[in-house]
Amino acid sequence: MKYLKQTYDRLIRGNFISRDSLSDHQRDMFRDIEDNLPEYTGYFERIGLILTEGDGFFYMTRSENRTDLARKLERFSHWIDVLDFLKAWDAAFGPGFRFKLSRLLHGIDADIELKDKAAGLYDNKDRNSEIASRLIDELLRQGFIETVDNDAEEYQATNAFLYLEELVGMLTFEESDDETA
């Protein structure tokens, strides 16, 4: 468990560690967790945390009471909107997808439906450039994307993006039967 402290520091903040990270250090962390998964899992369980493995990424959870769970569900609705926005912009958006901020802004400016979706992402942001910048910052902070080129404002989605897709994919809705209601 060579990267225990770094793993804890990253995951406790709600970030991900991805196999396909552009960072050598994060890829090393991923391999160390993968190679020592029982040890990492056991350690985190002893301190009340749950190390969870996705398809090419790791994240951490903890047992939640109902109040915390309700708050998380409310926050998750934001991520559904983000996923909807990104897939509406480019259906290919997913792990390995590269894009530039300028292309994202052009997409918002050129598509009225996308502009409406973007406007719904953040209450206090009016300009497309503010919305796109905040979205990029949020995706970077969570580890769903990483910076490829700072000067060109180019980014790449990581395997952690699968977490959003899988979570939304698990949602099922029952249709109510109007006759029995």
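**Strands, salt bridges and a charged patch**

D55 sits in the loop that connects β2 (50-53) with β3 (57-61). Strands here are DSSP runs of E with at least two residues, helices are DSSP runs of H or I with at least four residues, and both are numbered from the N terminus. The model is predicted, so local features need pLDDT of at least 70 and side-chain atom pairs count only at pLDDT 80 or more, while totals for chains, interfaces and linings use all residues. Residues are numbered from 1 along each chain as its sequence is written, and side-chain values use heavy atoms, with hydrogens and water left out.

D55 is partly exposed, because its relative accessibility is 48%. Buried means under 20% relative accessible area, exposed means over 50%, and partly exposed lies in between (1.4 Å probe, protein chains only). D55 also belongs to a negative surface patch, together with E34, D35, E53 and E166. Patch residues have over 30% relative accessible area and no salt bridge; like charges are joined within 9 Å, and nonpolar side chains (Val, Leu, Ile, Met, Phe, Trp, Tyr) within 5 Å. Asp and Glu count as negative and Lys and Arg as positive, with His and the chain ends not counted. The place of a charge is CG of Asp, CD of Glu, NZ of Lys or CZ of Arg. Accessible areas come from the Shrake-Rupley method with a 1.4 Å probe, and for residues only the protein chains shown count as cover.

β2 and β3 are part of an open sheet of 3 strands, in the order β1-β3-β2 with antiparallel pairing. β1 (17-18) and β2 stand at the edges with a single partner strand each, so one side of each has no neighbour in the sheet. Pairing requires at least two DSSP bridges between two strands. β2 and β3 share 4 bridges in the antiparallel sense. I50 has T61 as its bridge partner in β3. L51 lies in strand β2. L51 is buried, because its relative accessibility is 9%. L51 and L11 are 40 residues apart in sequence, yet their C-alpha atoms are 8.7 Å apart in space.

D149 has E154 as its bridge partner in β6. The hairpin of β5 and β6 has 4 residues between the strands, and E153 takes a positive phi near 50° there.

The count of salt bridges comes to 7. A salt bridge is a side-chain nitrogen of Lys or Arg within 4 Å of a carboxyl oxygen of Asp or Glu. One of them joins D84 and K117, with the closest N and O atoms 2.5 Å apart. D84 lies in helix α4 (residues 66-89) and K117 in helix α6 (residues 112-119), so the pair ties together parts that are 33 residues apart in sequence. D84 is partly exposed at 37% relative accessible area, and K117 is partly exposed at 22%.

E165 and K87 form another salt bridge, with the closest N and O atoms 2.7 Å apart. E165 lies in helix α8 (residues 161-170) and K87 in helix α4, so this pair ties together parts that are 78 residues apart in sequence. E165 is partly exposed at 24% relative accessible area, and K87 is partly exposed at 28%.

E154 also forms a salt bridge with R98, the closest N and O atoms being 4.0 Å apart. This pair links strand β6 (residues 154-157), which holds E154, to strand β4 (residues 98-100), which holds R98, 56 residues apart. E154 is buried at 17% relative accessible area, whereas R98 is partly exposed at 43%.
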